[in-house]
Amino acid sequence: MTSPEPSPRHRASWPLRAFAAVLTLAIVATAAFVGMNAVRLSQVNALVQATQSRSLTLSNTQREALQLVLAVTAHDQTRDARAIDVQRGLLFRHINVAIASYPQGSIEAVELTEVKAALQRFPWDRLITPEGTYEPLRPLAVAMASQSEKRLHGLYVDQEQGFYATTAASLDAAQNGQVSSAVLVGLLLALSGTAVLAVNRRGRSALAVANDQLYHQAHHDSLTDLPNRALLIRRLRAALEANPDAVSVLLVDLDGFKDVNDTLGHPAGDELLRIAAQRLAGCVRDGDTAARLGGDEFAVLSLARSPSGAPSPTPPGHGQVVGQRVVDVLHRSYRVAGRDVRVSASVGVTRGRAGASAEDLIRDADIAMYAAKNTGKGRVAEFDPDMRTRASRRTSMQQELAEAVELGQIEAHFQPIIDLQTLRPTTLEALARWRPDGRRQVPAEEFIAVAEETGTIADIGRAVLRSACRETRGWRALPGHGELSVAVNVSMQQVLSGRLTADVEEALADSGLPAGALVLEITESAALEDSDRVAAEISGLRASGVRIAVDDFGAGYSSLSCLMRLPADLLKIDRTLLDFVTTRDGSLVKAVAELGRTLGLLVVVEGVETSDHLARAREAACDAAQGFHFSRPLAPVDVPAYLAGWSAPRTAGQGAGTARG
């Protein structure tokens, strides 16, 4: 018996059932692929975030290592052992966090563990003794902390490179997944029609969003959401290729940001950076780029445009105008941590030129920015090629000066201050001098500025103070000079270090010089910088018998409030006022001298170089004067002969020539 034949209807329906099965399988496969791709994108995104988090952790760890270097370097000034212990604790905590962020046994975790172990092995307890810093160990401590900071910096650089590589690979994977999805879904569309098309659109949309998120993370700063260095350089290269003459680059650094971090904490510092970023972005034009390079450093790419909006050659002063706008907007008060704080901004500007790379312009703008800082901060400086030479020379000077301070090569020379009644030297002002081996003497205004910038000014001031007290104690034994005094300049860093009183007491005790024979000179501008702290420190010194002079009065604010607040004994009138004669009867020197006498201060005028200057000083009834008319600064070996030449009273017209015989 044979089987019955399938009906025609049955034979016609099997292809439809097969098509439905294929379509169902295609739908399931597409859904599985889209789901797997979504999971993969999620994993990639998590990897990018983890890599970025490790970069931030290493950056913070490196910063704490640098703070430890600074704490150890400055210990001979601050004598604050607790500061080193606290900084070590902060560094160890950051290292532990960094170690925990890596898989156990990874190269990075092993390197971090070795850095931590090396720091733990160092005999920190022997660095600080009851008598002070154990000097043989201090260079080793600095070297240890510096080496740790360099190793952490190397890890940070490797991690940053890994972050960018991971992000690039992630973007490629996302794009490949999107293409594969499109092909698969395209085949499915041929089978399923309009319904499947809607599913594919949703899948493509999700992939596009994930792709955009990855790109944004790779090219924007996580704290401020401004473009980062990588995106700035990409846009700068494109602008230079299109029209280099239209390009200006500005480097912006916040002055005083570290003080906000140190006093109010890093969360307050981060909030200030976010506000600064918003202000910076708000003061550039559409088409320009405001970016954050890292820390408290920002950059602006500005393109000059014609009235039609097309890029055009940069007009003279364009960068200065943009830079001043940035300075003004960033100097406004910031409300952070419940307090109003202010910082200023130093801006360096450079213009695009044919053949210059993006890196060249950023480097030149950076050099100009430091020139702005070195000339007073809170201002704009435009790059010129001489700046590069000066920057190189300044870097070399910093290294040589640090070595000279360590080796005790900074000398004190002495310029006499002459009593205008007796015409005899009553005081010698000690001035720092530096002559590198076999070369000419470096002008004081050059190396003092470098010393203030690098922090070595406190070491120089301490060395000059000790030398001045010791030498003056010996010269007081010369006939006719038993009441000789010495004046020593004091930097703002010394006053605010908390070590000045101890340094003065130590110098007086070691030399045997009476406290009343020492005059400490502080500039008017320094006294105004942190007047309450300065006044408190100076009051304590004055109570011990040391005399205080306000130096360079008239070169800055000529602030009466400064004289009223600061407990001073002497007023030193700046040399610039000697050449400033008013249109009315009398001179500015006379007016300031009368003010000083009204306040009960001894008045000294600086910069007396001619007979006319001396006549003006005497007409103003100043108590004393100093300057080249009497003598240039003398090496210690020449002072006894000079003093011997002034054993007898002089007449008003006699100056340096007759004084030295």
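I looked up R292 and D221 first, and both are buried (under 20% relative accessible area; exposed is over 50%, partly exposed in between, with a 1.4 Å probe and protein chains only). This is a predicted model, where local features need pLDDT of at least 70, side-chain atom pairs count only at pLDDT 80 or more, and totals for chains, interfaces and linings use all residues. Residues are numbered from 1 along each chain as its sequence is written, and side-chain values use heavy atoms, leaving out hydrogens and water.

Next, I checked how the two meet: their side chains form a salt bridge at 3.1 Å, N to O. That term needs a side-chain nitrogen of Lys or Arg within 4 Å of a carboxyl oxygen of Asp or Glu. R292 sits in strand β4 and D221 in the loop between α7 (194–219) and α8 (229–242), 71 residues apart. Helices (H or I, at least four residues) and strands (E, at least two) are DSSP runs, numbered from the N terminus.

Then I followed β4 into its sheet. The sheet is open, with five strands in the order β4-β5-β3-β8-β9 and mixed pairing; strands pair if DSSP finds at least two bridges between them. β4 (289–294) and β9 (380–382) are at the edges with a single partner strand each, so one side of each has no neighbour in the sheet. Five bridges join β4 to β5 (residues 297–303), and the two run antiparallel. I found G294 opposite E297 in β5.

Last, I counted salt bridges and got 22. One network links R353, D360, R363 and D364. Another pair is R542 and D569, at 3.0 Å, N to O.
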